[in-house]
Amino acid sequence: MLLALLGLLLVALAAATAAGSVPLPLRGVVLSTLAKASLYSGPAPLEAPLETILWTVRFPRVLLAALVGGGLAVVGASLQSVFRNPMADTSLLGVGSGASLGALIAVQLGWASRVFLALPLAAFLGALVTVLAVYAIAHAGGRPTLYGLLLTGLAVSALASAGTSLLLVTTEEFRVKNVLFWLAGGLEGRGWTHVQLASVLILLGCALLLLLSRSLDVLSLGEDEAGSLGLPVHATRLLILSVSSLVAGAATATAGSVPFVGLIAPHALRPLVGSLGRHLLPAAFLGGACLVVIADMVSRTASGSVDLPLGAITSLVGAPYFLIALRANEGRG
Amino acid sequence: MLRRVAVLGLLLCAGGAAAQAPAAPRRVASMNLSADEILVEILPLERLVSVTRWADSDSGNITGRVPASVFRIQKADLEQLVALRPELVVVSEYTDADFLKQLERTGLRYHRIEGLATLPGIRKAILDLGRAVGEPAAAERVAKAFDAKLADVAKRLGGVKQPRVLYWSSGMTAGADTAIGSLIECSGARNVGRELGITGIAPPGGERAFVADPDAILVGTWPRAVESVKEEPLLGKTRAVREGRIVVLPTSLLVALSQFSADACVELAARLHPDRVPAKRP
């Protein structure tokens, strides 16, 4: 199954790299890739501008889409185990709303138009501060229950969203448009630097979560059962949530809001690979990567006059899928 | 001897500077409507490779002046820009820094058009853009015409009683540090938005707008511009609305941030002071 998913991802990557507002011939893309790996030394497979588009603009964007999708899917699968809640995803930790607030602050202060990486870094900082606030508030009265952590996350998210709304009203009109594009999700203007920065956190974070997959499986049995099996529940939960926050923060900071990926990928793959973390997490990564790569391709190519928001595309796919899966589940029940 | 060395040094520096200065770009892509409007005036059109899609807006300031062969940019798409092979890309003040870094990485140069919130800023932007595209003389001519129109309006409006004007658009007004605020002030009026302590484009609220009691309300020609003012519960009861002093200016002039701002000033002054300034457009 993993090999099939990997194959699907490679096909999606190839298609997404060839498709765009400036179509690149697939043969040229493949030969250019081989040339980069010193496996092809024939005549230049693409004209110079197309080579520039491929290696400076298109390929890093497609790669970033894969990283973002993979990271969000792995985080979603992990949180669903920790919270024992099939609806759990990154929004529970306040990552999205904190990142939005950070991004808006960068736009309003003019940093986003003057300083390279100001917007994603501010978004990442916003996400981190929000998550730390959730932990600090939840732990204020002693070790919180999962329920307490969940509700604290929702409350802090709401506060961050309120901050975003207040700032939006006072932001100059022409800057609001920049923020709206980011809030709706998208990868325009992202390059190799974004790939490098995001990949460190996302790949390392996902690898760590995979190493913790056995702990995830135990936690999914319930806190009491996990404790009775000798798992240090609180410390493990804290570690998983921290790593998940870093991965989700990096993904959201680079791509804005991309909902439903953390829900759809694990749900769709669980019946195929099972619920064990060591199978589900890698499958979720590959599945989530496919989903966002294809969604980004659609966002770039569906309309000639505007890039469709990436978040809208994943929602348009995710929401109906979820309703169908819910109906099917209720039917079986 | 020392003088000869100094002269030689100066000559060498000048030569070095000339060698380093980038050549005038032969192909210029514009991603900004203000830049579109300026470039159409100062640049030979065969050197213009793209304009924004708003250059073709109905009743726009340059509608019909850009040949069909010039590419119309629909969205900020780096790939399309690279494919156009421009030597210079003109971008907006608020263009994302990460997008610009990517632009540079593709080997493209860019010029940011900025400072468009004031009339002196617009004038400077015209001259800066002229230098960037290698047409300083043409830009100078445009700037001189710009100055002449504004000077003529100022002369005609000497000593005039200044009405208090409130700009209104979907609940927003223009305060200090806005081009529309500058437009109101250059046309012999006082900007109520500034008086309300507003900076930028912001909502004053119906109540504050009502209490401010403007002498006139300025709107554009977007759909239902006048009706929406009349229908606003409090604004509709202001003296300005009751006495029929809703001033309508073509939207293309109202939001112009180019040499057309001077035309906007003339047209608004003509509407506010018809006895002093003749209108050029109906």
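These legends go with close-up views of a predicted model.

View 1. With 15 helices and zero strands, chain A gets its secondary structure from helices. Its radius of gyration is 20 Å, close to the 20 Å that the globule rule gives for 333 residues, so chain A is as compact as a globular protein of that length. Laid out along its principal axes, the C-alpha trace of chain A spans about 65 × 50 × 40 Å. As for burial, 50% of the 333 residues of chain A count as buried. If you look at contacts in chain A with a separation of 6 or more, 76% of them come from residues 24 or more positions apart.

**View 2. Helices α9 and α12 of chain A, packed together.** Here α9(A), residues 192-211, meets α12(A), residues 233-255, at an angle of about 155°, and the axes sit 9 Å apart. Angles over 145 degrees count as roughly antiparallel, so that is the label for α9(A) and α12(A). Their crossing is left-handed. On the α9(A) side, the contact is made by H194(A), A198(A), L201(A), I202(A), G205(A), C206(A), L208(A) and L209(A). Facing them from α12(A) are I240(A), V243(A), L246(A), V247(A), A250(A), A251(A) and T254(A). Sorted by class, this contact has twelve nonpolar residues, three polar and no charged.

**View 3. Helices α4 and α7 of chain A, side by side.** This pair is α4(A), residues 95-108, and α7(A), residues 146-170, with an angle of about 25° between them and axes 8 Å apart. Angles under 35 degrees count as roughly parallel, which makes α4(A) roughly parallel to α7(A). The crossing of α4(A) and α7(A) is left-handed. From α4(A), the contact draws on S97(A), G98(A), S100(A), L101(A), L104(A), I105(A) and Q108(A). The α7(A) residues are S157(A), A160(A), S161(A), G163(A), T164(A), L167(A) and L168(A). The class tally for α4(A) with α7(A) is six nonpolar, eight polar and no charged residues.

**View 4. Chain B where it touches chain A.** In this view, 25 residues of chain B are in contact with 31 residues of chain A. On the chain B side, the elements giving two or more residues are α3 (78-84), α4 (97-105) and β9 (201-202). Split by class, the chain B side that touches chain A has nine nonpolar, seven polar and nine charged residues.

Note on methods:
Residues numbered from 1 in each chain as written. Chains lettered and ligands numbered in written order. Predicted model: local features only at pLDDT ≥ 70, side-chain atom pairs only at ≥ 80, totals over all residues. Axes fitted to C-alpha atoms, helices over the stretch in contact; angles between N-to-C directions. Helix = DSSP H or I, 4+ residues; strand = E, 2+ residues; numbered from the N terminus. Parallel < 35°, antiparallel > 145°, perpendicular 65-115°, else oblique. Left-handed = near helix turned anticlockwise from the far one by under 90°. Contact = placed C-beta atoms within 7 Å. Nonpolar A, V, L, I, M, F, W, Y, C, P; charged D, E, K, R; others polar. Rg over C-alpha atoms; globule rule 2.2 N^0.38 Å. Buried ≥ 20, exposed ≤ 12 C-beta atoms within 10 Å, placed from the backbone.
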